[in-house]
Amino acid sequence: MATLTLNGNKYPYQSNETVLDTLLNANVEIPHACREGVCQSCLMRSLDNSPPSLAQNGLKDTLQHKKYFLACRCYPKQDMTVALPDHEGNEIIAEVSGKELLSADIMRLVLSFEEEFSFYAGQFVNLKRPDGLTRSYSIANTPAQSNTLEFHIKRLPNGRFSSWVHEELAVGEKLSVSEAKGTCHYLPGKYDQPLLLVGTGSGLAPLIGIVNDALNKGHSGPIRLYHGSRDPEGLYLIDEMQALAENVENFDYTPCVSGENDREKFTKGRAHDIALSSTDSLTGWRVYLCGHPEMVNQTKMMAYLKGASLSDIYADAFYLSSSGK
Amino acid sequence: MTESLYNRLGGEAAVNAAVDIFYRKVLGDYRINRFFGTSDMDKQIAKQRSFLTMAFGGPNNYSGKDMRNAHSRLVDMGLNEDHFNAVMEHLGATLTELKVPPALIAEAAAIAESTRGDVLGR
Ligand code: HEM
């Protein structure tokens with residue numbers, strides 16, 4: 001008989017029961033609805049053994065890779081330690097090792113850590129300051145850079161966390177960092193698939209991580225990055241991205257400005273419009289979207305209508321909450 | 001015992017393949033796309049998966065009353081026979097594109113057709 005472990009509690013598992021049955025019978029509250037593997041509301045994650053493949057049917061490949069599964073379709077063959085999607089893993093403590101303004105209102109924040117911490121480029125974490133105030137930020141670097149995490153933190157009007165990072169947080173101080181979350185990241189395989197990445201504002205951060213990760217892993221298909229802002233001041237790391245585009249044959253970079261702009265090096269228009277009109281069809285493409293939630297939702301739809309498969313469109317829409325005060 | 005239509009079509013893998021094609025057809029059809037809100041695409045896709053699972057004779061817990069309730073908001077928006085026919089058309093075209101044999105397409109169409117009264121709230 002197998003045993004399930006959730007939050008340190010052990011639940012003996014009866015044969016022919018699903019993980020969902022076992023937990024519900026033990027009066028553990030697990031979100032669920034259809035119980036047929038369709039609605040995906042009972043999504044959980046295994047922290048040790050791989051879930052049976054039936055339990056992962058229909059999930060995005062990035063979720064499968066991280067051992068997510070549907071509790072209502074999971075008949076475990078062996079012991080499993082499981083977690084609900086937002087209640088897994090431990091926090092680590094990291095130390096501020098660098099701060100640098102990238103533009104008038106975007107700060108590069110570099111944290112160093114000693115404990116083991118695994119992530120995929122493009123994922124996000126919750127940063128928590130000592131008094132408990134917490135915000136989500138995307139990781140801008142790749143795991144190849146040893147034991148550091150980089151973030152691009154945009155200062156928001158009346159943003160308590162972002163103002164604190166900009167004005168008060170000093171090198172040497174400590175922050176706590178949640179486990180890495182989110183499914184918007186590069187996965188090795190299909191090295192020749194064309195990639196389209198569209199970001200607005202500090203939504204550039206995860207996309208830079210994904211581009212670098214893809215290049216590190218030998219991605220050979222075209223990689224096109226569009227970064228947009230209303231005014232030229234909202235764009236940043238322009239020289240760095242242009243240098244990368246000059247050095248790497250399969251990487252293209254297009255900075256876009258939708259408002260008034262007299263500088264020739266920027267394309268005029270909204271990044272997602274320009275990105276979408278740059279190709280007749282997105283059939284076979286993989287698409288990554290980060291930034292303004294309306295842009296992300298609209299572009300998801302447009303990319304799909306232009307032929308990208310639903311399973312090839314990646315976006316983490318947490319910006320709504322993180323743009324709160 | 002013969003295998004269920006759902007299993008003969010290929011189960012969840014078939015639903016996954018079909019949803020991509022079907023939803024694109026629906027959104028591209030000016031006759032009916034106004035019924036399919038574009039605000040939360042992920043939720044809509046989950047519902048289209050439910051629709052296809054049901055039409056494929058797969059596991060679902062929907063009653064006729066559920067079908068009535070799920071579409072009553074759309075009936076208020078003017079959902080009628082023509083719209084229903086358009087959805088049937090896209091269902092058939094999707095399965096044809098996936099090279100499903102005509103006999104199986106007919107079975108799936110019959111299941112969807114059987115919900116007409118409830119979907120249209122009659
Ligand atoms: C052909 C027979 C049909 C079947 C078997 C069917 C089945 C379903 C099912 C199972 C759901 C999900 C309900 C839920 O879980 O909330 C659903 C939702 C939906 N259906 Fe249908 N449907 C049919 C026809 C149509 C037609 C003709 C239209 C419009 C042209 C339509 C538009 C919708 C929409 C927009 C939703 C989502 C409703 C919401 O957002 O609450 N369906 N349908």
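Modeller: The predictor's confidence in each residue is called pLDDT and runs from 0 to 100, and I begin with it as this is a predicted model. Chain B has a mean pLDDT of 90, with 98% of its residues at 70 or more, while chain A has a mean of 88, with 95% of its residues reaching that level. Within chain B, the highest confidence belongs to helix α5 (residues 81–97), at a mean of 96, and the lowest to helix α3 (residues 41–55), at 87. For the complex as a whole, the predictor gives an ipTM of 0.79 and a pTM of 0.78.

Turning to the interface itself, 17 residues of chain A and 19 residues of chain B take part in the contact. The size of an interface is often expressed as the accessible area that is lost when the parts come together. Here chain A and chain B bury about 1,600 Å² between them, and 52% of this lies on carbon and sulfur atoms. On the side of chain B, the residues that lose the most area to chain A are Glu12(B), Arg24(B) and Met41(B), which together account for 38% of what that side buries.

As for the rest of chain A, the domain assignment divides it into domain 1 (3–83), domain 2 (91–178) and domain 3 (195–317). Taken over C-alpha atoms, the centres of domain 1 and domain 3 of chain A are 36 Å apart. In chain A, strand β1 (residues 3–6) runs antiparallel to strand β2 (residues 9–12), and four bridges join the two. Leu6(A) has Asn9(A) as its bridge partner in β2(A), and of the two residues between these strands, Asn7(A) takes a positive phi near 50 degrees.

One stretch calls for caution: over residues 320–325 of chain A, pLDDT stays under 50, and the model has 11 contacts for them beyond four places in sequence. Where pLDDT is low, predicted coordinates should not be read in detail.

How values were computed:
Residues are numbered from 1 along each chain as its sequence is written. Chains are lettered from A and ligands numbered from 1 in the order in which they are written. This is a predicted model: local features need pLDDT of at least 70, side-chain atom pairs count only at pLDDT 80 or more; totals for chains, interfaces and linings use all residues. Side-chain values use heavy atoms; hydrogens and water are left out. Domain bounds come from an automatic or database domain assignment. Two strands pair if DSSP finds at least two bridges between them. Contact means heavy atoms within 4.5 Å. Buried area is the accessible area (1.4 Å probe) that two parts lose on being put together, summed over both.
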